[in-house]
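Hello,

Here is the model we talked about handing over. Please look it over alongside the notes below.

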Amino acid sequence: MHPSLKPTALLSALALLSLTGCGGGDLEAGMTLDLSLTTARARPISGTAGPRELMNDQGARAVLTGGFITVSSVELLPCAQVGWKRLLRHLSPVGTAWAHTVSNPTRLGTPHVVDLGGADGAVIRLGAVHPPPGRYCHARLVFEPADDDAEGLAAAARGETPVNMVGRTLHLRGTLANSRDGEPQPFEVNLATRASVDVLLEWVTLSEAEPRAAVMFALTWDTWLDGVNADRPPASVDLVGNVARSVVPPSSEGP
Amino acid sequence: MKNALTTSLLLSVALLLIPSSSAWACATCACGDPTLMSMGTEQPFEGRLRLSSTLRGWGHTVGQDGVNALRLREARMDLAVAYAPLPWLFLSATLPLQAREVRDVSLTRERGWGIGELELTAKAFLFRDKAFSANHLFSVLGGVKLPTAPVLRGPDGELMNLDAQLGSGSVDPLAGLAYQHFRGSWSFLVSATGFLPTRGLQGFRAGASIRSTLAAQYQPSAKWALRLGFDGRLETPADVDGEREENGGGFIGYASPDVLFSPGMDVVVAAGVRVPVINQLRGRVSPTPIAMLSVAYDL
């Protein structure tokens with residue numbers, strides 16, 4: 001062994017090095033698009049109407065006393081992916097399992113049970129996606145039955161009228177009068193159907209210069225009972241489809 | 001901190017176990033073979049103590065560009081010490097110092113640096129045709145990789161991405177065997193080592209793997225040598241809490257040319273590259289070539 005180099009000294013140095021123990025890390029955020037929902041009216045109604053009173057396209061009047069809708073995923077579609085690529089995607093088999101859809105950089109796959117609430121204006125945060133830089137023209141919102149670890153389930157089950165949304169896409173209850181002078185009748189509907197909608201995003205652009213943006217979709221709840229009349233009770237109408245069609249394109253904004 | 005203490009303890013134990021008796025001044029003289037050997041392939045003789053440092057740069061991209069690609073780049077320096085307390089036994093410890101960067105498709109960057117996971121191995125030479133200047137060596141290897149790397153967290157205190165962590169945080173046993181043949185200016189190596197990772201950080205378990213090396217070395221002079229090898233890795237897919245990773249698992253093979261040079265007695269410098277030539281990994285895994293530079297010194 002080389003006399004001038006003691007292995008003990010070298011190993012001690014190594015031991016000291018490991019004692020520093022250490023390590024560190026840092027994170028530099030990339031593209032982030034915050035997604036949220038709110039509720040709004042699509043049609044004007046007389047000032048005396050209650051906050052959740054509506055008149056549908058058939059002239060029926062209703063008051064919603066409770067409602068929950070499950071948003072199972074929100075996916076961004078790059079501008080290039082509308083057109084024939086989108087058609088191909090529509091033709092592909094769509095899974096209907098009641099489970100989390102897979103999240104990826106352009107898709108928020110965590111299901112949220114959204115409470116309609118008592119009044120408009122509340123902002124419901126869905127989460128954020130971290131997509132590649134680019135321009136996004138559309139977002140696809142999918143409404144599907146909630147799985148057993150969807151966010152918002154507990155809140156739905158805790159309310160004044162507890163609702164178990166597992167396996168349900170839409171829960172709606174209230175009163176319904178099929179004519180202006182008709183007697184309001186209570187109704188409650190629970191649906192487990194699926195619907196999706198592609199919503200225009202008005203050129204949401206994410207780049208290194210502008211890495212963060214937020215979009216807020218609005219659900220125009222007063223169209224949810226469209227198609228309901230004396231001959232067609234709520235349960236026989238595609239209410240989940242109405243919910244999907246009620247999504248209003250958001251205006252994009254910076255953080 | 002716990003990991004650091006574990007590392008220190010193990011190194012201290014190793015330190016205590018190493019006797020300070022003197023050995024041969026010339027390592028190649030001591031084993032009777034002038035072949036320049038990189039770390040891990042040396043012939044043993046009682047009291048041989050070898051230190052080495054290996055620099056490596058490598059990376060890979062997993063996933064689809066512009067969709068979900070995740071790019072990893074790492075620079076690491078492995079500090080290793082190997083000691084032969086008996087003529088047939090080599091004990092070694094390797095501690096990596098690592099710096100890595102992970103960039104996902106959204107351009108989010110995570111960087112981690114620090115000490116990595118300590119690997120302890122014992123290599124027993126079960127057969128040699130001659131006690132001195134052996135032509136045939138057969139050895140078996142056993143060891144373990146320990147979770148000595150710190151668990152890295154981002155500025156917000158959240159755990160950093162698994163790929164940005166410096167190790168898997170698991171105790172991974174390994175075992176292997178090797179055969180070496182020396183014939184004049186030529187030498188040959190065949191080895192296979194199996195790894196059986198356990199579950200570690202964030203529910204992650206790397207796939208079980210077998211890593212093999214097939215190499216031939218030509219040494220036209222005492223000072224330098226050329227080595228050409230083929231390194232293969234056959235592995236099962238990794239999983240997180242039982243859910244199989246979409247990408248990875250399968251087989252990958254590298255062509256591994258090296259140049260070995262001895263600038264002075266008992267010093268071997270090796271430089272080389274590992275070029276992926278066969279990629280049969282599942283999904284989309286695109287590895288970069290691995291650049292390597294090492295220095296080994298016999299004390």
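Ser52(B) sits in strand β1 of chain B, which covers residues 49–62. Is Ser52(B) buried or exposed? Ser52(B) has 22 C-beta neighbours inside 10 Å. The cut-off for buried is 20 or more, so Ser52(B) counts as buried. In sequence, Ser52(B) and Ala80(B) are 28 residues apart. In space, their C-alpha atoms are 5.2 Å apart.

Keep in mind that this is a predicted model. It scores ipTM 0.70 and pTM 0.75.

Chain B

Chain B has 299 residues, and 37% of them are buried. Its secondary structure comes to 2 helices and 17 strands. Take the contacts in chain B between residues at least 6 apart in sequence: 59% of these join residues at least 24 apart.

The mean pLDDT of chain B is 86. In this chain, 86% of the residues reach 70 or more. Be careful with residues 1–24 of chain B, where pLDDT stays under 50. The model still has 48 contacts beyond four places in sequence for that stretch.

One sheet in chain B is open and has 3 strands, in the order β9-β12-β13. The pairing is antiparallel. Which strands stand at the edges? They are β9 (204–205) and β13 (243–244) of chain B. Each has a single partner strand, so one side of each is left without a neighbour in the sheet. β9(B) pairs with β12(B), residues 239–240, over 2 bridges in the antiparallel sense. Across that pairing, Phe204(B) stands opposite Val240(B).

Chain A

Chain A has 255 residues, of which 36% count as buried. It has 4 helices and 14 strands. For contacts in chain A with a separation of 6 or more, 79% are between residues 24 or more positions apart.

Confidence in chain A averages a pLDDT of 83, with 80% of the residues at 70 or above. Among the elements of the chain, helix α4 (residues 239–245) of chain A has the highest mean pLDDT, 95. Strand β14 (residues 252–253) of chain A has the lowest, 46. Two stretches need caution. Over residues 1–6 of chain A, pLDDT stays under 50, and the model has 8 contacts there beyond four places in sequence. Over residues 92–101 of chain A, pLDDT also stays under 50, with 13 such contacts.

Strand β2 of chain A

β2(A) spans residues 32–40 and has one covered face and one uncovered face. Leu33(A), Leu35(A), Leu37(A) and Thr39(A) make up the covered face. Thr32(A), Asp34(A), Ser36(A), Thr38(A) and Ala40(A) make up the uncovered one.

β2(A) pairs with two strands named here. It runs parallel to β12(A), residues 212–220, joined by 9 bridges. Thr38(A) stands opposite Ala218(A) in that strand. β2(A) runs antiparallel to β7(A), residues 124–129, joined by 5 bridges. There, the bridge partner of Asp34(A) is Ala128(A).

The nonpolar cores

The largest nonpolar core has 53 residues. Which of them touch the most other members? They are Leu33(A), Phe68(A), Val113(A), Leu141(A), Phe143(A), Leu239(A) and Val243(A). Strand β4 (residues 61–78) of chain A gives the most to this core, with 8 residues. Leu33(A) is also on the covered face of β2(A).

Leu141(A) deserves a look. Beyond its neighbours within four places in sequence, Leu141(A) is in contact with Val71(A), Val74(A), Ser196(A), Val197(A), Val199(A), Phe217(A), Ala244(A) and Val247(A).

A second, separate core has 22 residues. Its members include Leu51(B), Ala80(B), Ile115(B) and Leu146(B). Ala80(B) is the residue whose C-alpha lies 5.2 Å from that of Ser52(B).

A buried loop residue

Pro145(A) is found in the loop between β8 (134–143) and α3 (153–158) of chain A. It has 23 other C-beta atoms within 10 Å, so Pro145(A) is buried. Pro145(A) and Leu108(A) are 37 residues apart along the chain. Their C-alpha atoms are separated by 16 Å.

Best wishes

Note on methods:
Residues are numbered from 1 along each chain as its sequence is written. Chains are lettered from A and ligands numbered from 1 in the order in which they are written. This is a predicted model: local features need pLDDT of at least 70, side-chain atom pairs count only at pLDDT 80 or more; totals for chains, interfaces and linings use all residues. A residue is buried if 20 or more other C-beta atoms lie within 10 Å of its own, exposed if 12 or fewer, and partly exposed in between; C-beta atoms are placed from the backbone. Two residues are in contact if their C-beta atoms, placed from the backbone, lie within 7 Å. pLDDT is the predictor's confidence in each residue, from 0 to 100. Two strands pair if DSSP finds at least two bridges between them. A nonpolar core is a set of buried Ala, Val, Leu, Ile, Met, Phe, Trp, Tyr and Cys residues joined through C-beta atoms within 7 Å.
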